[in-house]
Amino acid sequence: MARSRSEGDWWRTAVIYQVYPRSFADSNGDGIGDLPGITARLDALVELGIDAVWLSPFFTSPQRDGGYDVADYTDVDPLFGTLADFDVLRDRAHALGLKVIIDLVPNHSSSAHPWFQAALAAAPGSAERGHYLFRDGRGEHGELPPNNWQSVFGGSAWTRVDEADGKPGPAERGDRARPAEAAGTAGAAAPQKAQWYLHLFDSSQPDFDWTNDEVKELFRGVLRFWLERGVDGFRVDVAHGLVKKPGLPDYTPPADGGSAGGAEPDVPYWAQPGVHEIYRDWHRVLAEFGPDRILIGEAWVEPLSKLAEWVRPDEMQQTFNFAYLETPWEAAALKKVVDDSLAAFGGVGAPSTWVLSNHDMIRHTTRLGLATPPPQGEGIGPRSEAHPDDAVGLRRARAATAFMLALPGSAYLYQGEELGLPEVIDLPDGARQDPTFLRTGGESYGRDGSRVPLPWEAAKPSAGFGPPRSDGSGASWLPQPEAWASYARDVQFGVPGSTLEFYREALAARRLHRLASNELVWLPPVDAQPDDPQTLVFRSGAITVIANTGPNTVELPAGRVVLASGPLGTGTLPGDTTAWIEA
Ligand code: NOJ
Ligand code: CA
C-alpha cells in the first residue's frame, strides 16, 4: 500500500537513496540502465524502506563523464529514455510515497552543449565566449595555458583553441591534454594570442562563467523546467566551484591530493564567497513552488563550520557530509565528526546529513577493509598496493551503517550497498571508462569499480540487471564479476542475516523509533579497559546505540535487541559490530 507523502520539512529526517541510472536496471537489453528500468524496480526501493530517490544525471550527454557532461539540461538522453519516461517514473515514485531528486550540473556543461559550440565558432571577446572561461594564453603567442591550474581528473585544467581554423585543440578531440611546452602556437599569421578554455574536470566539461547574467538566467530556467515537472529537489554538482577568484591567479595545491578537495583556506576555484549569492537566488526560485522543494550541495569544503555556510536558512537545505564519509572506523574520530557535524549544521538550523558511499568513492564495504584507503578519486585496481580484507570490510560496513542510520538527521544510501556489494577491483583496463583513468594514463584507477551494474536475480543473465543484450555482445556496460550473482537481491530478500534484511530492519526501526529526529545523548563507553575506548554509546529516545569499533568483545547493556549488524554473543557485543537496544 502506498504511504502518504510526508509534508513540511520531510528532508530533515529523510533516507535518500542514490540511483546511478546507467547501472541500476536496464529495460531494453542494450546493457545500460535506463529510466523505465528504474520505474520497474521502484517497488523494491519501497520494500527497502527509503524516503526519496536521487537520480544521477540522465540528461542529453555524450557520456564522457557518466552524464556529468550535459549537452541539454532539459531533455533525457535517448540512452536513458524520454521525457515521457521521466514523467512515468516521477508519477510512480510519488504514488509510492517517494520523493524524486535529480542532479543539476551547473559548474560546467558538455563541450557538445550548443552554447559551447557557438563559443568555439565565435571570436575571442564575443558574447558567446563570455558564457565560458576563455582566456588568452601566456607567452608571446599565447602558447602557454593562462595559469597553472590542474584538472581534478589529471592534467592541465586548460585546453587550447585553434583560432586559425576555428576548431578546438587536440584535447577536445579526446586525446590527453598536451603539456604546455608541446602545445605549439596559434600560427605566425594569427592576429591575436591563442585562447584557452577552463575545465576543472575533463576537457569535454568546459566551466561556465558564473559572473555572466545569461548563465544565471539559463539555470533559473533549468530549475523552473524541472520544478514544473514535479521534481522534489536538486543535488547540485560541484556546489563549491561555480565562482572563480577574479584574475584566476596561479594556485599550487598541496602534494597530498588537495586539488580535489576544499581544505585550503583560499583556493581560487573552490568555495569562493560569490557562490552563496547564486544559492540565495535559487532558494527564491524553489520557494516559488512551495516550501517542500530542496537543494542539496555537493561541496567538498572543510572544515564543517565553513561547509555549514551552504545550508544557511536562505541557501540550500542540505549538503553532503564528506567529512563523515572519510572518517575511519575509529571511536574517537567518529565521535568528534558527529559532534562537529551536529554543532556546525545545528548552528545554522540545518539537519546534518550522513553518507558512507556514492558513485565517486570506493564502496564502504571495501574501503573499511583497507588499512589505508587511497585518496578520493584514485580508486583501486589489480596493481594497487592496497588489498582489502573482504570479511572485515563487510562486517565493519554493516556496523558503520547501523551507527549511521541511528544518527539524527538525513542519511544517504548508494545503490547496491544494501546488498553488501564490494568495490570491483579487477575490472579489465579496457573496460574502464572513468576520465580519471583515461587522463592519468591509468595511474589512477578512478571510480568505475563502484559503478558496476546491480545484480537483481541470481539465475538470470547479467544477474537480472536487464534482458539479454540485443546485439549479442557483453552483458552490461561494465562487466559484472562472476561472484555478483551471489549478492543478487532475490537471494537475500527474506533471508535472515542477509545484508539486505539487515538494511530493511534498520530502516524500519529507524522510522519506528524516530531516531532521525531524536536528540543524541552520548553515554559512557562500555569498554573493559576504558583508557582508549573502542566503543561509542549514545541514547536516542528509547534506544541505546552501541558501536564496537575495536576487536574486543564487550558487554551489552540489558534490554531488547532491536537491531544487530552481525551475530551477538550471549549478552555481549563482538568487535566491529553495532547493536540497538531498547531498555
Ligand atoms: C561530482 C560528481 O559526483 C562526479 O561524478 C563528477 O565526475 C564531477 N562532479 C564532475 O561533474
Ligand atoms: Ca537500456
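The structure is a predicted model, in which local features need pLDDT of at least 70 and side-chain atom pairs count only at pLDDT 80 or more, while totals for chains, interfaces and linings use all residues. Residues are numbered from 1 along each chain as its sequence is written, chains are lettered from A and ligands numbered from 1 in the order in which they are written, and side-chain values use heavy atoms, with hydrogens and water left out.

**Domains**

- The chain is assigned domain 1 (10-108 + 212-492), domain 2 (109-207) and domain 3 (519-582); such bounds come from an automatic or database domain assignment.
- Taken over C-alpha atoms, the centres of domain 1 and domain 2 are 29 Å apart.

**Where domain 1 touches domain 2**

- Contact, meaning heavy atoms within 4.5 Å, involves 34 residues of domain 1 and 35 residues of domain 2.
- The size of an interface is often given as the accessible area lost when the parts come together.
- Domain 1 and domain 2 bury about 2800 Å² between them, with 57% of it on carbon and sulfur atoms; buried area is the accessible area (1.4 Å probe) that two parts lose on being put together, summed over both.
- Four salt bridges run between domain 1 and domain 2, a salt bridge being a side-chain nitrogen of Lys or Arg within 4 Å of a carboxyl oxygen of Asp or Glu.
- Asp-250 and Arg-138 form a salt bridge through their side chains, at 3.2 Å from N to O.
- Between domain 1 and domain 2 there are 16 residue pairs in polar contact, both residues at pLDDT 80 or more. A polar contact is a pair of N or O atoms within 3.5 Å; within protein, one must be able to donate a hydrogen and the other to accept it, and residues adjacent in sequence count only if both atoms are side-chain atoms.
- On the side of domain 1 that touches domain 2, the elements giving two or more residues are helix H5 (213-228) and helix H12 (435-439). H12 gives the most, with four residues.
- Helices (H or I, at least four residues) and strands (E, at least two) are DSSP runs, numbered from the N terminus.

**Ligand 1**

- Ligand 1 is surrounded by 13 residues, and the closest are Asp-65, Asp-237, His-359, Asp-360 and Arg-447; a residue counts as near if one of its heavy atoms lies within 4 Å.
- An oxygen atom of ligand 1 lies 2.5 Å from an N or O atom in the side chain of Asp-360.
- For the side chain of His-359 the corresponding distance is 2.8 Å, and for that of Arg-235 it is 2.9 Å.

**Salt bridges and backbone**

- The salt bridge count comes to 37.
- Glu-47 and Arg-489 meet in a salt bridge of 2.7 Å, N to O. This pair links helix H2 (residues 42-48) with helix H13 (residues 489-492), the two residues being 442 residues apart.
- Most residues other than glycine have a negative phi, and most peptide bonds are trans.
- Glu-302 and Pro-303 are joined by a cis peptide bond, with omega about -10 degrees; Pro-303 lies in the loop between strand E11 (294-297) and helix H7 (304-307).
- Gln-63, which is not a glycine, has a positive phi of about 65 degrees.
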